[in-house]
Amino acid sequence: MNQILSNTASVAARSKGFVGIRNTEQRYGLLAIFLHWLVALVVIGMFSLGVWMTGLTYYDEWYKRGPDIHKSIGILLFLVMLVRVIWRILNVKPKHDPRVGSLQIRVAHGVHLLLYGLIFAMIVSGYLISTADGRPVEVFGLFSVPATITGIANMEDVAGEVHWYLALLLISLVALHTIAALKHHFINRDRTLEKMLGVRTQIKTKFHQPKERIQ
Amino acid sequence: MMINKMTVVALATTFLLSTQALAAKYVIDTKEAHAFIQFRIQHLGYSWLTGRFNTFSGSFEYDEKNPANASVAVEIDTASVDYNHAERDKHLRGDDFLDVEKYPTAKFVSTSFKEKGDGTAVLEGNLTLHGVTKPVTIDVEHVGHGEDPWGGYRRGFEGRTRIALADFDINYNLGPKSKELELILSVEGIRQ
């Protein structure tokens, strides 16, 4: 009964075709959606830039520019993530599609938490490489973030190793998160991805109970 | 007869002891940083960059009566490379350059020492760096020696040489003007 009601409510909300700035119980609001996709773009972009720029030769035009941009974006991402966390706390969380099982929900939550944690850990470890000798991190020449922890022997090497392995873990989780979202959309045909897209898609949702729910 | 024999033995012993005392062993004073292993390399051909290795140890033997017998051995912790820039040091420790995980130590062991008589000398030896051992020739200046104010006896040298990075299998391209680097070894030893 509950499920039928919530399905009816979500259909009603969608049929209005309006997505507000704040989250509702049915879907993410515009700001959360914007922040999600911005961070997604930045995380994938930063991984690609990071891998690419560390392989550049000394005389490459991007040898200096690549790391400068990478560091600047890293600091800005920190600010974006702060806003994102605050916004998440201030907003209601959209309800899960009722056809999604509770184990899946718990795993998804775990992955989401890890994604947040890893992004912060990436920013901190990257910052510790660049500031190991007390130099600040410049952000597009506009402002700079001073060093805090310095003077630990080989700090830049340890921070560098951490940065690399966390990057691999983060990008793997991004892949898992993406595959899961696509699976919900195309295989389960539920509203999980739509909630974060802020749009209705042409895919018709199946109104039957998936296996996990029946068990 | 007896006395003569004793005298000979005593004289011989004295002689042996004295030569040993003259060919004194000096430990390089890294503890209080009166020794530096520096290097400089050109940046793009426009300027000189100076770096150093912060951790090393070594000793030398030197006998004023017989300088040709002088010898020196130094071992360097390659991970202690310090170019005064953390990101660059990280790069230098990586496998583009020193590969310190694979080659944690570099060393120099001398093979010959020839004084020119004007306070300078030529020191030859084998340098092991990045897993490659190559003979190098170091121009040495004998800076000075004598008692220190704290009861010790010190002697110091400065050596300079140029090495080609490619000779030691370091092939990262830093540009045509940066294929060689200059090594500057400033050592002060405390006589043991």
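Tyr83(B) sits in the loop between strand 6 and helix 2 of chain B, where helices (H or I, at least four residues) and strands (E, at least two) are DSSP runs numbered from the N terminus. The model is a predicted one, so local features need pLDDT of at least 70 and side-chain atom pairs count only at pLDDT 80 or more, while totals for chains, interfaces and linings use all residues. Residues are numbered from 1 along each chain as its sequence is written, and chains are lettered from A and ligands numbered from 1 in the order in which they are written.

With 17 other C-beta atoms within 10 Å, Tyr83(B) comes out as partly exposed. The scale behind that word calls a residue buried if 20 or more other C-beta atoms lie within 10 Å of its own, exposed if 12 or fewer, and partly exposed in between, with C-beta atoms placed from the backbone. Setting aside neighbours within four places in sequence, Tyr83(B) touches Leu49(B), Gly51(B), Arg88(B), Asp89(B) and Leu92(B); contact here asks for C-beta atoms, placed from the backbone, within 7 Å. Leu123(B) is another matter: 40 residues along the chain from Tyr83(B), its C-alpha atom is separated from that of Tyr83(B) by 26 Å.

The loop between strand 6 (81–82) and helix 2 (86–93) of chain B also holds Asn84(B). Asn84(B) is not a glycine, yet its phi is positive, at about 65 degrees. Asn84(B) counts as exposed, since 12 other C-beta atoms lie within 10 Å. Asp99(B), also not a glycine, has a positive phi of about 50 degrees. Asp99(B) belongs to the loop between helix 2 and strand 7 (105–115) of chain B, and is partly exposed, with 17 other C-beta atoms within 10 Å.

As for chain B overall, it has two helices and eleven strands, and its elements run α-β-β-β-β-β-β-α-β-β-β-β-β from the N terminus on. Of the 192 residues in chain B, 22% are buried. Looking at contacts in chain B between residues at least 6 apart in sequence, 52% join residues at least 24 apart.

Two packed helices are described by the angle between their axes and the distance between the axes. Helix 2 and helix 3 of chain A pack at about 155 degrees, with axes 10 Å apart; the axes are lines fitted to C-alpha atoms, over the stretch in contact for helices, and angles run from 0 to 180 degrees between N-to-C directions. Helix 2 and helix 3 of chain A are therefore roughly antiparallel, on a scale where angles under 35 degrees count as roughly parallel, over 145 as roughly antiparallel, 65 to 115 as roughly perpendicular and the rest as oblique. Their crossing is left-handed, meaning that the near helix is turned anticlockwise from the far one by less than a right angle, with clockwise giving right-handed. The contact of helix 2 with helix 3 of chain A divides into 18 nonpolar, four polar and one charged residues. In this grouping Ala, Val, Leu, Ile, Met, Phe, Trp, Tyr, Cys and Pro are nonpolar, Asp, Glu, Lys and Arg are charged, and the others, Gly among them, are polar.

Helix 4 and helix 5 of chain A pack at about 150 degrees, with axes 8 Å apart, and so are roughly antiparallel to each other. This crossing, too, is left-handed. The contact of helix 4 with helix 5 of chain A has 20 nonpolar, five polar and one charged residues.

Within helix 3 of chain A, the buried residues include Lys71(A), Gly74(A), Leu77(A) and Arg84(A). Their cover includes helix 2 (30–53), helix 4 and strand 1 (137–139) of chain A. In helix 4 of chain A, the buried residues include Ile119(A), Met122(A), Tyr127(A) and Ser130(A). Among the elements covering the buried residues of helix 4 of chain A are helix 5 of chain A and helix 2 of chain B.

The contact between the chains takes eleven residues from chain A and ten residues from chain B. On the chain A side, helix 4 (102–130) and helix 5 (155–187) are the elements that give two or more residues. Helix 5 of chain A supplies the largest share of that side, three residues. By class, the side of chain A that touches chain B has four nonpolar, four polar and three charged residues.

How values were computed
Contact = placed C-beta atoms within 7 Å.
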